[in-house]
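Have a look at the picture with me before reading on.

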Amino acid sequence: MAALKDDPVLGIDGRLKEEGLDKAGLVREEACEREMVPPPGNSIHKSGSRPQLDLSKAAIQGNSEERDPTILLPNQSDDISHLALDIGGSLIKLVYFSRHEDRSTNDKRKKTIKEIFGITNGNRRSYPILGGRLHFVKFETSKINDCLDFIYSKQLHHGGLDTHSWNSELLSIDNAVIKATGGGAYKFADLFKERLGVSLDKEDEMDCLVAGANFLLKAIRHEAFTHMEGQKEFVQIDHNDLFPYLLVNVGSGVSMIKVDGDGKFERVSGTNVGGGTYWGLGRLLTKCKSFDELLELSQRGDNRTIDMLVGDIYGGMDYSKIGLSASTIASSFGKAISEKKELEDYRPEDISLSLLRMISYNIGQVSYLNALRFGLKRIFFGGFFIRGHAYTMDTISFAVHFWSKGEAQAMFLRHEGFLGALGAFMSYEKHGLDDLMVHQLVERFPMGAPYTGGKIHGPPLGDLNEKISWMEKFVLKGTEITAPVPMAPAGTTGLGGFEVPSSKGGILRSDASALNVGVLHLVPTLEVFPLLAEAKTYEPNTIDLSDHSELEYWFTVLSEHMPDLVDKAVASEGGTDDAKRRGDAFARAFSAHLARLMEEPAAYGKLGLANLLELREECLREFQFVDAYRSIKQRENEASLAVLPDLLLELDSMNEETRLLTLIEGVLAANIFDWGSRACVDLYHKGTIIEIYRMSRDKMQRPWRVDDFDVFKKRMLGFGDKKSQPHKRALLFVDNSGADVVLGMLPLARELLRRGTEVVLVANSLPALNDVTAMELPEIVAEAAKHCDILRRAAVAGGLLVDAMINTLDGSKENSPAVPLMVVENGCGSPCIDLRQVSSELAAAAKDADLIILEGMGRALHTNYNARFNCDALKLAMVKNQRLAEKLIKGNIYDCVCRYEPAN
Ligand SMILES: CC(C)(COP(=O)(O)O)[C@@H](O)C(=O)NCCC(=O)O
Ligand SMILES: [Mn+2]
């Protein structure tokens with residue numbers, strides 16, 4: 001590769017260094033959970049008048065130079081649309097909906113893209129779910145006043161005060177009605193009327209449970225799981241094959257419901273031995289003060305002191321002839337018949353465990369018998385008795401497995417505590433939820449208060465300041481969570497089951513640790529990427545994090561990267577005290593997430609590396625860090641754009657074959673600019689961008705570790721005299737800003753355009769590390785186009801340049817229409833991409849595409865390395881992590897991957 005000019009825009013030493021940035025004036029749509037808490041002293045609205053607009057902290061969204069820019073009212077509460085309640089004996093569960101604010105910007109690129117791809121809002125319903133979030137919140141029923149304050153502070157009882165509200169009958173506050181289920185809907189009806197002026201519209205509990213379960217099982221990917229010997233495994237439910245199933249709701253008593261479809265169910269059985277029995281008997285026998293305390297006791301129990309086991313009867317032997325091991329319980333509490341011992345002689349821990357096993361086994365057995373009665377293979381368990389308690393789930397699973405000889409499967413639901421409340425929510429007419437599909441829901445896990453241990457501390461905090469203060473206090477109080485906790489070893493199951501609880505951790509993990517349940521973002525515009533060959537079995541993540549050492553490794557990498565990331569994030573917001581405080585809160589929040597996941601990797605659903613990397617970005621956004629790498633990206637773009645003309649000249653002097661190779665080499669070499677890789681960041685201190693780029697190119701030697709270039713070349717250029725057809729449309733999934741996109745992907749795009757292939761640059765919707773975003777690309781393309789006719793004409797054709805007169809650089813007029821160069825957003829804000837959930841514009845662009853190029857470690861290796869497509873696919877990346885290089889390609893750091901997979 002010939003020498004490129006030295007970088008003219010870098011400083012004296014030309015090194016990449018940090019620089020403070022102006023504080024971002026605007027709050028992005030996803031930047032934080034906007035929660036509306038009125039100032040103290042506000043009186044409760046009881047009049048039917050619409051509230052005043054709250055203009056405090058109003059900001060222009062988008063370009064303030066534009067006419068009629070969108071104005072964001074972060075404190076205006078009218079995006080809260082709805083609420084439903086399940087008021088049980090011990091817990092109140094709330095499900096409420098908040099509308100996304102309108103993100104529509106005057107983005108010209110979007111308009112052109114819509115025209116080119118013919119995107120309409122045709123099949124999208126105009127209401128009610130325009131996009132919004134479902135929140136899940138819980139209170140202890142004894143603290144009902146906190147719950148009322150919460151509803152009031154968020155004005156949830158106003159039920160949507162905007163004109164788009166889907167429940168217009170709720171607009172009149174005097175007649176406001178809230179759907180509610182559970183006994184408390186009767187008990188507390190007057191209190192709600194008195195305090196909030198609302199009536200509770202009582203919904204049948206069973207209807208709600210079934211509606212809630214059906215919604216969850218259809219709409220949430222990682223909702224149902226099995227739990228055996230301490231191991232949680234998510235089960236993919238085929239929506240077309242969901243019914244019939246048995247829903248077992250274990251509350252005080254137990255209901256068994258055969259569910260045949262939406263609204264089609266029958267309570268087929270039940271048992272009076274349920275959660276109330278455990279709590280009631282347990283309280284009498286152990287003097288425990290709460291259900292959780294009793295459950296916690298069981299974790300330290302040994303039921304052999306009180307239960308009569310098969311071994312006790314058979315002199316320590318198994319009764320193997322009928323399949324019973326010595327440790328099988330022959331008779332619960334059977335040893336207590338001994339006349340020599342009184343209640344005080346038994347440990348409360350052992351009593352609690354013995355009771356828990358007795359009741360759980362019984363529920364499991366009766367459930368199985370009912371499933372057998374109706375030929376049902378699947379049994380879903382829910383209700384307050386389960387509350388995410390590992391041992392309870394293991395015991396029930398064991399019973400179902402044991403009695404069905406492995407034929408039936410016990411499953412549990414991550415949102416099980418919210419079935420009733422969700423069902424009550426579903427009972428509002430026209431909520432539109434039942435039309436949503438899995439790919440239109442994104443679950444996020446913002447930091448909230450009800451986090452520590454098994455205790456409920458209150459609702460998730462919304463206001464940023466409150467959230468930060470809470471994070472500050474949280475570390476002082478909740479050190480047991482911020483320190484990583486080792487995972488529980490697997491239990492031992494013999495013929496007759498494990499002997500003691502396998503999850504013996506000191507902290508009881510109940511469903512009250514609300515981070516198990518995130519906020520559900522409803523994004524109707526998301527679609528499954530249409531070119532995925534096997535969408536049903538598609539798994540975005542390449543590396544399996546269920547391997548404990550792998551999990552530990554990536555947790556360490558992310559933890560070690562944190563101080564540097566915080567520095568960058570704080571600097572990107574001007575380094576102010578406020579930014580520092582937010583930076584600190586971000587670090588605490590993300591560390592807490594990591595610790596939580598280290599303790600229970602499946603806490604938020606199936607965990608992959610892509611989820612961890614996305615969680616980090618989400619966490620930054622939660623603390624309003626809009627773009628931590630903004631200045632780095634800008635500097636690298638400028639430096640690279642300055643040398644682009646020379647690179648293009650040089651490429652143009654080559655023959656087609658050499659040029660194609662040089663272009664691919666260029667993409668791989670420039671992928672070294674990755675601020676997410678520790679090794680690369682260390683490298684950046686050793687030279688200028690251009691020096692590093694040159695060094696990286698010089699080291700490009702074929703064969704690469706994965707090298708399908710020759711096959712790709714054949715497809716592109718043909719073979720011998722046989723010229724091949726150019727691709728019709730290529731989707732280029734671009735990665736990093738700076739050299740990566742400017743000197744790597746843009747020249748490759750230009751080559752495709754030159755050959756008559758339409759090019760769509762696919763970039764992130766939101767910033768993540770130093771990845772280029774779709775919003776930033778048009779400006780970069782415009783700069784590059786100043787030096788290149790091919791890019792300029794294609795950019796004009798693709799609506800990226802407004803320039804209607806297509807003058808060539810030498811001043812002559814060009815008449816022939818150019819193939820377009822376009823930019824679409826991918827719908828995500830992470831270094832990885834889950835192709836099950838992409839933007840509608842990407843999905844539309846994919847319809848005519850016959851080549852996709854995935855670039856970078858995140859998009860082509862961590863995710864999608866094994867993905868198969870219905871079109872030609874090229875995966876290009878430099879591996880910038882030693883461990884991944886060894887695992888994935890049996891190579892070393894800085895090795896390259898050029899994987900080409902022609903369409904089947
Ligand atoms: C976050 C990344 C996937 C981004 O890589 P890219 O997609 O930009 O090539 C990558 O930098 C990464 O895996 N980093 C963590 C490991 C490390 O520090 O080596
Ligand atoms: Mn990247």
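**Entry 1: ligand 1.** I started at Gly858, where a backbone N or O atom lies 2.7 Å from an oxygen atom of ligand 1. I count a polar contact when two N or O atoms are within 3.5 Å; within protein, one must be able to donate a hydrogen and the other to accept it, and residues adjacent in sequence count only if both atoms are side-chain atoms. In the side chain of His862, an N or O atom is 2.7 Å from an oxygen atom of ligand 1. For Asn736, I noted a polar side-chain atom 3.0 Å from an oxygen atom of ligand 1. How many residues surround ligand 1? I found 16, and the closest are Asp674, Met857, Gly858, His862 and Lys880. Here a residue is near if one of its heavy atoms lies within 4 Å of the molecule.

**Entry 2: ground rules.** This is a predicted model, in which local features need pLDDT of at least 70 and side-chain atom pairs count only at pLDDT 80 or more, while totals for chains, interfaces and linings use all residues. Residues are numbered from 1 along each chain as its sequence is written, chains are lettered from A and ligands numbered from 1 in the order in which they are written, and side-chain values use heavy atoms, with hydrogens and water left out.

**Entry 3: the metal.** Which residues coordinate the manganese ion (ligand 2)? I listed Asp735 (OD), Asn736 (OD1) and Asp771 (OD), at 2.0 to 2.1 Å. Donors are N, O and S atoms within 2.8 Å of the metal (3.2 Å for Na, K and Ca), and the site may look incomplete because water is not among the atoms. Along the chain, the donors follow the spacing D-N-x34-D.

Entry 4: I traced an open sheet of seven strands, in the order β19-β25-β24-β23-β20-β21-β22, with mixed pairing. Its edge strands, β19 (706–707) and β22 (821–825), each pair on one side only. Strands (E, at least two residues) and helices (H or I, at least four) are DSSP runs numbered from the N terminus, and two strands pair if DSSP finds at least two bridges between them. Strand β20 (residues 729–733) runs parallel to strand β21 (residues 758–763), with five bridges. In this pair, Phe733 stands opposite Val762.

**Entry 5: another pair.** Strand β6 (residues 177–181) has four of its five residues buried. It pairs with strand β7 (residues 199–202) in the parallel sense over four bridges, and Val177 stands opposite Ser199.

**Entry 6: a helix with a covered face.** Which residues of helix α23 (residues 777–785) are buried? My list has Leu777, Pro778, Ile780, Val781, Ala784 and Ala785. Seen down the axis of α23, the buried residues fall within an arc of 160°, so they line one face of the helix; the arc is that of the directions from the helix axis to the C-beta atoms.

**Entry 7: distances.** Ile664 lies in helix α18 (residues 656–670) and is buried at 0% relative accessibility. Ile664 and Gly744 are 80 residues apart in sequence but 7.8 Å apart in space, C-alpha to C-alpha.

Conventions:
Buried < 20%, exposed > 50% of the residue type's maximum accessible area, 1.4 Å probe, protein only.
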